[in-house]
Protein chains: 2
Amino acid sequence: MSSEQMGLPIKDEDIERAAMSIKAMAHPLRLRILCTLGDREVSVQEIVELVGTSQSNISQHLAILRDKGILASRKDANRVYYRVSDARTLRLISMMKDVFCPAFGS
Amino acid sequence: MSSEQMGLPIKDEDIERAAMSIKAMAHPLRLRILCTLGDREVSVQEIVELVGTSQSNISQHLAILRDKGILASRKDANRVYYRVSDARTLRLISMMKDVFCPAFGS
DNA sequence: TTACTGTATAATGGTATGATTATACACTTG
DNA sequence: CAAGTGTATAATCATACCATTATACAGTAA
């Protein structure tokens, strides 16, 4: 029996937050970034090479993912490395692949 | 080791499809609808009452979810009943709750 | 210091999204 | 048939998003 059926409604602000986070993942380029990262830590320039668009475009999409807490970043010298912020998010990405791209089970 | 690391890139069209489906879920009202449905089959008028906006607005959002294959619908007399289309999508919704609204474990 | 590399931000303009309103369609009942 | 109920669609306008371009910032190397 679900929470909804048990009369425990999810708060509007939680729904809002969740929707905004999911929306952050709901863009082809950003989804590609997430799938490319997997559980690795990758520098911006590598992401640019792997995903294939302009550095500026990648940087803006990375900022969106970082601002929503999907990605975490670490600076080393003049490079910045990005990674998926936590294990649960990583599992969610895996499950998204399962549901929408069954051919590519993680 | 992920598919990406194994050099098995996900096709652009698969990423596009997945992103469009996820985007369909990435709206507060639509996420609320999905959480409200859970594993039940609910009529449009009930959804309108439970979620709380205009019938027209709900109908448009239901159409978006239906068109992306997230929801399935069944007509009975002059009512239409909606449900989450398959078990995997249902699990994905559950996991989204886990990740973004940990207080409401399914 | 200057020059260079790597990354982030600002500004712009075209496109997509979304809530509202009004209307149309499908079905049922009288 | 008409009237009523339940649902879907069309039209509108305001807003949000996105890719591109140019520029700024941080760090390194000479």
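**DNA contacts and chain interface**

DNA strand C is surrounded by 21 residues, the closest being S56(A), Y82(A), S56(B), Q60(B) and H61(B); a residue is near a strand if one of its heavy atoms lies within 4 Å of it. The model is predicted: local features need pLDDT of at least 70, side-chain atom pairs count only at pLDDT 80 or more, totals for chains, interfaces and linings use all residues, and side-chain values use heavy atoms, with hydrogens and water left out. Residues are numbered from 1 along each chain as its sequence is written, while chains are lettered from A and ligands numbered from 1 in the order in which they are written.

**Surface near DNA strand C**

- Of the atoms of DNA strand C that come within 4 Å of the protein, 65% belong to sugar and phosphate.
- For H27(B), the distance from a polar side-chain atom to a phosphate oxygen of DNA strand C is 3.4 Å.
- At least two residues each come from α3 (44-52), α4 (55-67) and β3 (79-84) of chain A and from α4 (55-67) of chain B; helices (H or I, at least four residues) and strands (E, at least two) are DSSP runs, numbered from the N terminus.
- The surface near DNA strand C comprises four nonpolar, 13 polar and four charged residues, where Ala, Val, Leu, Ile, Met, Phe, Trp, Tyr, Cys and Pro count as nonpolar, Asp, Glu, Lys and Arg as charged, and the others, Gly among them, as polar.

**Surface near DNA strand D**

- DNA strand D has 21 residues around it, and the closest are S56(A), H61(A), Q45(B), S56(B) and Y82(B).
- Sugar and phosphate make up 67% of the atoms of DNA strand D within 4 Å of the protein.
- Phosphate oxygens of DNA strand D lie 2.5 Å from a side-chain N or O atom of H61(A) and 3.4 Å from a polar side-chain atom of H27(A).
- V80(B) contributes a polar backbone atom, 3.2 Å from a phosphate oxygen of DNA strand D.
- Two or more residues each are given to this surface by α4 of chain A and by α3 (44-52), α4 and β3 of chain B.

**Interface between chains A and B**

- Chain B and chain A each bring 43 residues to the contact (heavy atoms within 4.5 Å).
- About 4,100 Å² is buried between chain B and chain A, 70% of it from carbon and sulfur atoms; buried area is the accessible area (1.4 Å probe) that two parts lose on being put together, summed over both.
- Two salt bridges join the chains (a side-chain nitrogen of Lys or Arg within 4 Å of a carboxyl oxygen of Asp or Glu).
- D12(B) and R32(A) form a salt bridge with an N to O distance of 2.6 Å.
- On the side of chain B that touches chain A, α1(B) gives the most, with 12 residues.
- That side of chain B holds 22 nonpolar, seven polar and 14 charged residues.

**Strands**

- In chain B, antiparallel strands β2 (residues 71-76) and β3 (residues 79-84) are joined by six bridges; strands pair if DSSP finds at least two bridges between them.
- K75(B) is opposite V80(B) in β3(B).
- The hairpin of β2(B) and β3(B) has two residues between the strands, and A77(B) in the turn has a positive phi of about 55°.
- Chain A has an open, antiparallel sheet of three strands in the order β1-β3-β2.
- In chain A, β1 (42-43) and β2 (71-76) are at the edges with a single partner strand each, so one side of each lacks a neighbour in the sheet.

How values were computed: Polar contact = N/O pair within 3.5 Å; in protein donor to acceptor, adjacent residues only side chain to side chain.
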